[in-house]
Amino acid sequence: MKQLLAILIFTVISIYGFSQTQAIDSLKEVIAKLDGKTTALDERVLVNEADLGKLNKIKISGYIQAEYRNYESGLVKYVSYDPYSTFLIRRARIKFTYEALDGVKFVLQPDFSTGNLSLKDAYAVVNIKKLKDWSLWAGQMDRPNYEVEYSSSQREVMEYSRFIRAIYPAEKEIGVKLEYNGSKVPLKFQLMVLNGNFTGAQPIDVDTKKDIMTRLVYSVKLPNAGIGIDFGVNGYYGGTRAKTNPFISTGNPLIVDSVATGTYLDKHWLGGEFQLYSDFLGGMSIKGEYTAGVNNYASLTGLAGGIAAAKGDPNKVRDFAGYYLYLIKNIGAKNQLVARYDYYDPNTKTSGDASTTSELYYKTLDVAWQYYMNDNIRISVQYDMPKNETNTKTPNDLKDNTLTVRIQAKF
């Protein structure tokens with residue numbers, strides 16, 4: 001009896017021990033499976049965090065400028081012709097900025113304005129670690145000039161001054177730029193080597209020679225007086241290859257000079273600039289720039305680099321001069337009054353009847369009012385009053401005043 005009871009107890013213990021072993025083995029399998037799923041989940045989380053980290057390095061901004069314009073003599077300037085007014089999308093831009101690494105940045109900005117889908121900015125910036133405060137830019141970017149570099153979303157008037165539009169028909173160019181922004185010395189220096197195409201950015205250069213632009217600005221701050229002043233100089237040195245013989249030289253447009261085909265015609269100028277900022281009565285600023293030099297172009301064809309199509313439209317080489325002066329006054333926190341006077345003479349060697357229609361000088365007064373509804377919405381009203389030089393062919397001032405109302409939305 002005792003032996004039978006012992007056998008029974010041993011059997012029960014064995015069965016229980018076997019079942020516990022199975023349970024433990026099953027539990028280990030479940031834990032292993034859960035551990036595998038957790039590892040996979042961790043890997044996915046790490047991938048998502050990496051992707052999110054990349055997205056956090058991308059900054060997206062942009063703006064839309066919708067306008068109403070009223071022309072004094074119709075849309076076709078200098079001719080009384082409909083329409084006398086129009087609605088349009090002046091600019092519609094989205095800017096993508098990607099901070100890839102510390103000191104490395106990529107910028108891409110297309111423009112989607114009506115009938116003008118184009119690429120505005122496409123460049124990379126690399127900070128040179130061994131040269132503190134120095135950076136290298138490469139791609140399509142703003143030319144180094146104060147008014148050109150001043151974003152059209154922030155500029156106090158709607159368009160560039162006339163002489164800036166004349167010597168820089170497109171504000172963007174393709175090239176490389178070396179820039180210094182002093183952290184201890186309030187000095188900014190820019191040196192850019194660019195294609196120098198007359199009509200601005202193009203896929204490739206129209207000739208072998210590259211142009212050079214440079215700009216140097218020094219800043220002075222007088223905190224006790226609430227004043228800040230920037231002084232600067234800028235220069236352009238380049239040339240355009242003559243594709244025709246003869247070409248028309250500076251001076252009287254009837255004078256025709258001969259030049260060997262392939263010779264580079266001068267295109268260079270020098271300018272000075274200043275910007276004064278004051279917190280006087282809520283804030284005001286005065287800004288100005290003067291530039292003079294030699295430019296060349298083809299008057300009729302408008303081709304890149306001033307390339308003329310035939311001897312009937314040869315390259316024109318002209319001495320020019322131009323300047324602008326801004327007066328900006330803040331009225332409270334939301335309103336701003338602006339006046340800009342600019343002057344441009346495309347040929348300083350001639351005047352009156354000696355000048356062709358395209359060589360008449362212009363004096364333009366722009367008066368504008370800005371209302372900043374909030375950080376994203378700005379309403380602008382501007383009246384442009386250009387006054388041209390007169391001669392026998394153009395005996396009167398042209399009726400080309402323009403009223404513009406703009407709503408800008410940016411993010």
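Residues are numbered from 1 along each chain as its sequence is written. In this predicted model, local features need pLDDT of at least 70, side-chain atom pairs count only at pLDDT 80 or more, and totals for chains, interfaces and linings use all residues.

**Exercise 1.** Find which residues have the most contacts inside the largest nonpolar core.

*Solution.* Start with the term: a nonpolar core is a set of buried Ala, Val, Leu, Ile, Met, Phe, Trp, Tyr and Cys residues joined through side-chain atoms within 4.5 Å. The largest one has 25 residues. I164 and Y168 have the most contacts inside it. Next, the elements: those giving two or more residues include α3 (162–167) and β14 (315–331). β14 gives the largest share, four residues.

**Exercise 2.** Locate the salt bridge partner of R143 and state whether each side chain is buried or exposed.

*Solution.* A salt bridge needs a side-chain nitrogen of Lys or Arg within 4 Å of a carboxyl oxygen of Asp or Glu. E173 meets R143 at 3.9 Å, N to O. E173 sits in strand β6, R143 in the loop between β5 and α2, 30 residues apart. Now apply the cut-offs: buried is under 20% relative accessible area, exposed over 50%, partly exposed in between (1.4 Å probe, protein chains only). E173 has 0%, so it is buried. R143 has 2%, so R143 is buried too.

**Exercise 3.** Work out which residues form salt bridges with K177.

*Solution.* E149 is one partner, with the closest N and O atoms 3.9 Å apart. E179 is another, at 3.3 Å. K177 is buried at 2%. E149 is partly exposed at 22%, whereas E179 is buried at 6%.

Conventions:
Side-chain values use heavy atoms; hydrogens and water are left out.
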